[in-house]
Amino acid sequence: MKNMYPFKFEPIYVETVWGNTKFAKIRGRDEIIGSSWEISAHPHADNCIANGKYKGQTLSTLLDLYPKQILGKKKRNQMLRISFLDARDSLSIQVHPNDDYAHKYENDEGKVEAWYILKADPKSNLIAGTTTDDIQVIKQAIKDEKIEDYVDRIEMNEGDFICIESGQLHAFGSGLLGLEISQNSDVTYRFYDFHRKDASGNERELHLDKCFDVVDFSKKGQKFSYPFKIQQETTVYQRKEFTIKLIDINDKYTLYPNGDTFYCLTNVLNDCHIIYKDQIIDFGFTENILIPADCSKITFKGKTRIIISYVD
C-alpha cells in the first residue's frame with residue numbers, strides 16, 4: 001500500500017554577507033535572507049517535512065526509512081537540492097569540484113547547478129566563465145587583484161536559465177533573485193571575495209589551491225530565455241545530474257509519476273493548488289514540493305509556471 005504523498009518542507013533561511021530582502025518580503029519576513037534551503041537532505045541543512053503523516057521528520061530520516069518509496073530506482077547520492085539565492089551584492093567568484101574530487105577530499109558530492117531567475121534589477125548580471133583559458137594569466141590576475149578583468153559577465157532577466165558546470169568559474173550576481181537546482185552538495189571554493197568582511201571584521205577564507213585543482217577555464221556559460229507561453233512544456237536541461245522541465249499552465253496540468261524517480265516541484269509565478277487523490281493542496285508562489293516516486297498522479301490547477309526537477 002502506498003504511504004507516500006506530496007511533501008512540503010520547513011525552509012532553512014540563511015543570512016549571508018551578500019544577502020538581500022526581496023525573498024524575505026515574498027515570504028512575509030522582515031530580515032536579510034541570502035539563501036533559503038527548500039528541499040535538502042544534506043547534513044548542513046536537512047529540511048523537515050511540514051505536512052501530513054511525517055510532519056516534523058527530516059528528509060534524510062525518511063530517506064533512511066523509505067529509500068525506494070521516495071527515490072524509486074535512484075540512489076541516495078542522486079537526491080537533488082533546491083534553494084533560492086537573493087543577492088544584494090555579488091557572491092564570491094568561486095568554483096565547485098566534480099564528483100570524484102569531492103568524494104576524495106570533502107566527503108561530499110560534486111556540484112553541477114542550474115539557476116532560474118525570478119526577479120532581476122535592470123542590467124543585473126552574473127559571472128559564468130572567463131575570457132581566457134590561460135591559467136598563468138588567471139594566476140597573475142589573482143596576484144594583481146584583477147581577476148574581474150577576465151571574467152565573462154552575462155546579463156540576466158526574469159525567466160532566464162543558465163547551467164553552471166562543476167569546474168566552471170562563476171558568481172551569482174547582485175540584484176538577482178534566483179532558484180538554484182543542484183546536486184546535493186555544499187562544497188564551494190572561493191577564488192575572490194571582494195575583500196568583504198564578516199560580522200567579526202574578518203575576510204572570508206579563500207581556497208586557491210583547491211580552486212586550481214578543479215577549475216577548467218574552457219567552460220563557458222550560456223543562458224536560455226523562456227517568456228511565459230500558455231500550455232508550454234519545455235525540457236530545459238536533460239543530463240545525468242538532473243533533468244529540468246518548465247511547465248506553463250493556463251488551467252490544469254497532470255504529472256504521472258512512474259515509480260522510477262522523485263520529482264521536485266517549484267512554483268515560480270502565481271499561487272495555485274494541486275490535487276492529489278482527494279486532497280486539495282495549496283501551492284504558493286516560490287513554494288517547493290517533493291513528489292516521492294511512490295505517488296499517484298498529481299494535477300495542478302491555476303495559471304502559473306511550474307519547474308519540475310528530477311533525475312531521469
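In strand 14, which residue is the bridge partner of Y116? The partner is L179, and the pairing to which this bridge belongs is described below within a predicted model.

This is a predicted model, in which local features need pLDDT of at least 70, side-chain atom pairs count only at pLDDT 80 or more, and totals for chains, interfaces and linings use all residues. Residues are numbered from 1 along each chain as its sequence is written, and side-chain values use heavy atoms, with hydrogens and water left out.

Seven strands form an open sheet with antiparallel pairing, in the order 2-3-7-14-9-12-16; strands are DSSP runs of E with at least two residues, numbered from the N terminus, and two of them count as paired if DSSP finds at least two bridges between them. Strand 2 (12-14) and strand 16 (223-225) each have a single partner strand and stand at the edges, so one side of each lacks a neighbour in the sheet. On average, neighbouring strands of this sheet are turned by 20° against each other, direction ignored, with axes taken as lines fitted to C-alpha atoms.

| Strands | Bridges | Facing residues |
|---|---|---|
| 9 and 14 | seven bridges | Y116 and L179 |
| 9 and 12 | four bridges | A114 and C163 |
| 3 and 7 | four bridges | W37 and S83 |

Strand 9 (residues 113-120) is largely enclosed by the rest of the structure, because six of its eight residues are buried, that is, under 20% relative accessible area with a 1.4 Å probe and protein chains only.

Notes. Buried < 20%, exposed > 50% of the residue type's maximum accessible area, 1.4 Å probe, protein only. Axes fitted to C-alpha atoms, helices over the stretch in contact; angles between N-to-C directions.
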